[in-house]
Amino acid sequence: MVLHGIFGAGGFGREVMPVAREMLAMAYGTRGYELVFVVENVKKETIINGHRVISDMDFLSWVADTKYFNIAIADYKNRERIANKLVAGGVTPFSISAGNVIKLDENEIGEGSIFCPFTTVTSNTKIGRFFHCNIYSYVAHDCVIGDFVTFAPSVHCNGKVVIEDNAYIGTGAVIKQGTVDKPIVIGKGAIVGMGAVVTKSVDPFTTVVGNPAAPLKRRIA
């Protein structure tokens with residue numbers, strides 16, 4: 001038996017679960033694997049949307065031929081912490097991608113990504129580990145995206161943009177296309193607010209909002 005666990009049973013986890021279920025059904029058929037929700041420190045096993053909910057300790061101790069995990073939690077600190085713990089425990093990340101996702105030529109995408117329905121990656125992008133690309137978002141050509149980056153729904157990331165580790169891009173945000181000599185850079189840990197239009201680079205750990213996007217405040221890492 002192969003065990004696949006999705007960490008997080010909140011709203012995003014419940015959206016991701018049927019995408020993973022459809023993908024795994026195509027790979028395995030109807031037998032040979034189980035797909036469960038995993039919630040840290042949950043006291044009692046329950047059922048959500050037809051899938052068992054087990055604790056992280058039960059998942060780690062479960063006897064299976066192979067175990068895989070993904071993390072449907074937006075907060076990058078928790079995502080990174082859980083990923084490091086699971087990898088150290090010998091569990092393998094798996095990526096989740098809806099059947100209608102479009103990925104074009106020569107893209108390099110790290111482990112543990114989630115591509116929700118109606119998302120697109122065009123060509124010659126480099127994307128890091130545990131990237132979340134929520135519904136209707138896209139990544140255009142020649143973008144470089146770091147680890148544990150989150151795109152909320154309907155993010156428009158145009159070409160030649162650099163997004164550093166742990167950044168969060170809010171719903172409906174638009175990031176202007178950069179150039180070879182001067183890419184738009186979203187710094188490490190930065191937050192781009194809902195509906196913001198980013199026309200210039202954003203400093204690390206800074207929140208920007210509005211059109212054109214301007215700093216709201218600088219956060220401590």
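Asp56 is buried, with a relative accessible area of 5%. Buried here means under 20% relative accessible area, exposed means over 50%, and partly exposed lies in between (1.4 Å probe, protein chains only). This is a predicted model: local features need pLDDT of at least 70, side-chain atom pairs count only at pLDDT 80 or more, and totals for chains, interfaces and linings use all residues. Residues are numbered from 1 along each chain as its sequence is written, and side-chain values use heavy atoms, with hydrogens and water left out.

**Asp56 and its surroundings**

- Asp56 sits in helix H2. Helices (H or I, at least four residues) and strands (E, at least two) are DSSP runs, numbered from the N terminus.
- A polar atom of the Asp56 side chain lies 3.1 Å from the backbone nitrogen of Asn41. A polar contact is a pair of N or O atoms within 3.5 Å; within protein, one must be able to donate a hydrogen and the other to accept it, and residues adjacent in sequence count only if both atoms are side-chain atoms.
- Leaving aside residues up to four places away in sequence, Asp56 touches Phe7, Val38, Val39, Glu40, Asn41 and Lys85. Contact means heavy atoms within 4.5 Å.

**Helix H3**

- The 13 residues of H3 (residues 76-88) should span 18 Å at 1.5 Å a residue, and the end C-alpha atoms are 18 Å apart, which agrees. The expected span is 1.5 Å times one less than the number of residues.
- Tyr76, Arg79, Ile82, Ala83 and Leu86 are the buried residues in H3. Seen down the axis of H3, they fall within an arc of 135°, so they line one face of the helix. The arc is that of the directions from the helix axis to the C-beta atoms.
- An α-helix has 3.6 residues a turn, so residues three or four places apart point the same way.
- The buried residues of H3 pack against strand S1 (2-7), helix H2 (56-61), strand S5 (66-71), strand S13 (132-133) and strand S16 (150-151).
- Asp75 caps the N-terminal end of H3, with a side-chain oxygen 3.2 Å from the backbone nitrogen of Lys77.
- Gly90 follows H3 and has a positive phi, near 85°.
- Arg81 also lies in H3. Arg81 is partly exposed, at 38% relative accessibility. Its C-alpha atom is 12 Å from that of Phe130, 49 residues apart along the chain.

**Strand pairing**

- S1 and S5 pair in the parallel sense over 6 bridges. Two strands pair if DSSP finds at least two bridges between them.
- Leu3 stands opposite Lys67 in S5.
- S5 also runs parallel to strand S6 (residues 92-93), joined by 2 bridges. Tyr68 has Thr92 in S6 as its bridge partner.
- An open sheet of 5 strands, paired in parallel, has the order S9-S12-S15-S18-S21. Strand S9 (108-109) and strand S21 (184-186) stand at its edges, each with a single partner strand, so one side of each is left without a neighbour in the sheet.
- Within this sheet, S12 (residues 126-127) and S15 (residues 144-145) pair in the parallel sense over 2 bridges. Ile127 stands opposite Ile145 in S15.

**Cysteines**

- The structure holds 0 disulfides. A disulfide is a pair of cysteine sulfur atoms within 2.5 Å.
- Cys133 is in no disulfide; its nearest cysteine sulfur, that of Cys116, is 7.5 Å away. Cys133 is buried, at 0% relative accessibility.
- Cys143 is in no disulfide either; the sulfur of Cys157, the nearest, is 3.8 Å away. Cys143 is buried, at 1% relative accessibility.
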